[in-house]
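Good morning. I will talk briefly about charged side chains and the contacts between them. Please look at the structure first.

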Amino acid sequence: MANPSQLGFQDASSPIMEELVEFHDHALMVALAICSLVLYLLALMLMEKLLSNTVDAQEVELIWTILPAIVLILLALPSLQILYMMDELDEPDLTLKAIGHQWYWTYEYTDFKDLTFDSYMIPTPELSPGHFRLLEVDHRMVIPMESPIRVIVTADDVLHSWAIPTLGVKTDAIPGRLNQTSFITTRPGIFYGQCSEICGANHSFMPIVVESTPLTQFENWSSLLSS
């Protein structure tokens, strides 16, 4: 959950989000080095007199041609690695289907029989103490922690987007099409997200809440809900 006046990302709760945060910091350090070098050269050119050897400097032209290529490689290699990790999908322990509607979500646990429910936002007057306004729902999506989870995302009416920042997940929900994403939660907790697609007048009122619990608690919850 984000805090007031927070400058960075939310605390990562999945291996993919940890990699994304590390790549973000890596890219910022590269950008800081480039800006520092450019500022140093600008200050040097303003303070020093122009010499004759700066008019025709093939070595300098060679450096500023090769150096950007090296910088791009330093950015491309970890980026491609993360993209491959995000698309890689091993055998999941649990498969869910998230269906976007105007303006709520329906979750189907395909590995269980008759385990499906709708998830609506709780109105502000009905919130319990400690709950977050515009983020809390009446039925959370409960998953077991430290287990590979596959989520199949689609929509019933218009475009939606199933996104949870702390898990590093954002998948478009398109009518007539099935998109999939996967993640692993590294700790128990409650993770909040929202529809990240402008899907209509109540676009900001269809939150996503994922509750990560130990396996025993998830089994108890699923048995009670499916009975």
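**Salt bridges**

Start with Lys 170, which is exposed at 53% relative accessibility; exposed means over 50% relative accessible area, buried means under 20%, and partly exposed lies in between, with a 1.4 Å probe and protein chains only. Before going on, note that this is a predicted model, where local features need pLDDT of at least 70, side-chain atom pairs count only at pLDDT 80 or more, and totals for chains, interfaces and linings use all residues. Residues are numbered from 1 along each chain as its sequence is written, and side-chain values use heavy atoms, with hydrogens and water left out.

Lys 170 has a partner, Asp 172, and their side chains form a salt bridge at 4.0 Å, N to O. A salt bridge here is a side-chain nitrogen of Lys or Arg within 4 Å of a carboxyl oxygen of Asp or Glu. Asp 172 is partly exposed, at 33% relative accessibility.

How many salt bridges does the structure hold? There are three.

Next is Arg 140. Its salt bridge with Glu 136 has the closest N and O atoms 3.0 Å apart. Is Glu 136 buried or exposed? Glu 136 is buried, with a relative accessible area of 1%.

Arg 140 also forms a salt bridge with Glu 211, and there the closest N and O atoms are 3.5 Å apart. This pair links distant parts of the chain, 71 residues apart: Glu 211 is in strand 10 (residues 207–213), and Arg 140 is in the loop between strand 3 (116–119) and strand 4 (141–144). Strands are DSSP runs of E, at least two residues, numbered from the N terminus. Glu 211 is partly exposed, with a relative accessible area of 23%.

Note on methods
Helices (H or I, at least four residues) and strands (E, at least two) are DSSP runs, numbered from the N terminus.
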